[in-house]
Amino acid sequence: MYTVAALERLGFKTVPSLANFIFTRCPAIPGGTLYEKLRAKGVLVRHWTKPAIADYLRVTIGSREQMDAFIERTAEILRGE
């Protein structure tokens, strides 16, 4: 899957999924922090604060354009932009 592969190149670990969403985390940044920074850039994903899954985001798979925007905003955040 395009999105999972792009996230893996950014260092993400993604739970295998056959649904229209993925459950993913990046060891380099806490899930809550990434959620807030994505939200500030206009990208909406789902985040929970339950300790066992607090570092994960639930990302709904959209159009290629939407996923490109998500990946680019995520890369910006990881670069400190």
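In which element is Ile77 found? Ile77 is found in helix α3, where helices (DSSP runs of H or I, at least four residues) and strands (DSSP runs of E, at least two) are numbered from the N terminus. The structure is a predicted model, in which local features need pLDDT of at least 70 and side-chain atom pairs count only at pLDDT 80 or more, while totals for chains, interfaces and linings use all residues. Residues are numbered from 1 along each chain as its sequence is written, and side-chain values use heavy atoms, with hydrogens and water left out.

**Overall architecture**

- The protein has 3 helices and 4 strands, and from the N terminus on these elements run α-β-β-α-β-β-α.
- Taken along the principal axes, the box filled by the C-alpha atoms is roughly 30 × 30 × 20 Å.
- Of the 81 residues, 31% count as buried; buried means under 20% relative accessible area, exposed over 50%, and partly exposed in between (1.4 Å probe, protein chains only).
- The accessible surface comes to about 5000 Å², and 53% of it belongs to carbon and sulfur atoms. Accessible areas come from the Shrake-Rupley method with a 1.4 Å probe, and for residues only the protein chains shown count as cover.
- Among contacts (heavy atoms within 4.5 Å) between residues at least 6 apart in sequence, 56% join residues at least 24 apart.

**Aromatic cluster**

- A search of the whole structure finds 2 aromatic pairs. Rings of Phe, Tyr and Trp (its six-membered ring) pair if their centres lie within 6.5 Å; planes under 30 degrees apart count as stacked, over 60 as edge-to-face and the rest as tilted.
- The pair of Phe23 and Trp48 is tilted, because the ring planes stand at 55°, with the ring centres 6.2 Å apart.
- This pair links distant parts of the chain, 25 residues apart: Phe23 belongs to strand β2 (residues 21-25), whereas Trp48 lies in the loop between β3 (46-47) and β4 (56-60).
- Trp48 is partly exposed, at a relative accessible area of 27%.
- The rings of Phe23 and Tyr56 are stacked, because their planes are at 5°, and their centres are 4.8 Å apart.
- Since Phe23 lies in strand β2 and Tyr56 in strand β4, their pair ties together parts that are 33 residues apart in sequence.
- One aromatic cluster is formed by Phe23, Trp48 and Tyr56.

**Charges over rings**

- The charged end of Arg58 sits over the ring of Phe21, at 3.8 Å from the ring centre. The criterion is NZ of Lys or CZ of Arg within 6 Å of the ring centre and within 35 degrees of the ring normal.
- Over the ring of Tyr2 sits the charged end of Arg64, 3.5 Å from the ring centre.

**Salt bridges**

- Side chains of opposite charge can pair when their charged atoms come close.
- The count comes to 6 salt bridges, each defined as a side-chain nitrogen of Lys or Arg within 4 Å of a carboxyl oxygen of Asp or Glu.
- Arg79 meets Glu72 in a salt bridge (3.2 Å, N to O), and Glu72 counts as partly exposed at 32% relative accessibility.
- Arg79 also forms a salt bridge with Glu81 (2.8 Å, N to O); Glu81 counts as exposed at 55% relative accessibility.
- Arg73 and Glu76 form a salt bridge whose closest N and O atoms are 3.2 Å apart. Both residues lie in helix α3 (residues 64-78), 3 residues apart, about one turn of the helix.
- Arg73 is partly exposed, with a relative accessible area of 24%, whereas Glu76 is buried, with 13%.
- A network of salt bridges links Lys41, Arg73 and Glu76.

- Leaving aside neighbours within four places in sequence, Glu76 is in contact with Lys41 and Glu81.
- Ile77 counts as buried, at 7% relative accessibility.
- Not counting residues up to four places away in sequence, Ile77 touches Ile29, Leu34, Lys37, Leu38 and Lys41.
- Ile77 and Gly31 are 46 residues apart along the chain, and their C-alpha atoms are separated by 12 Å.
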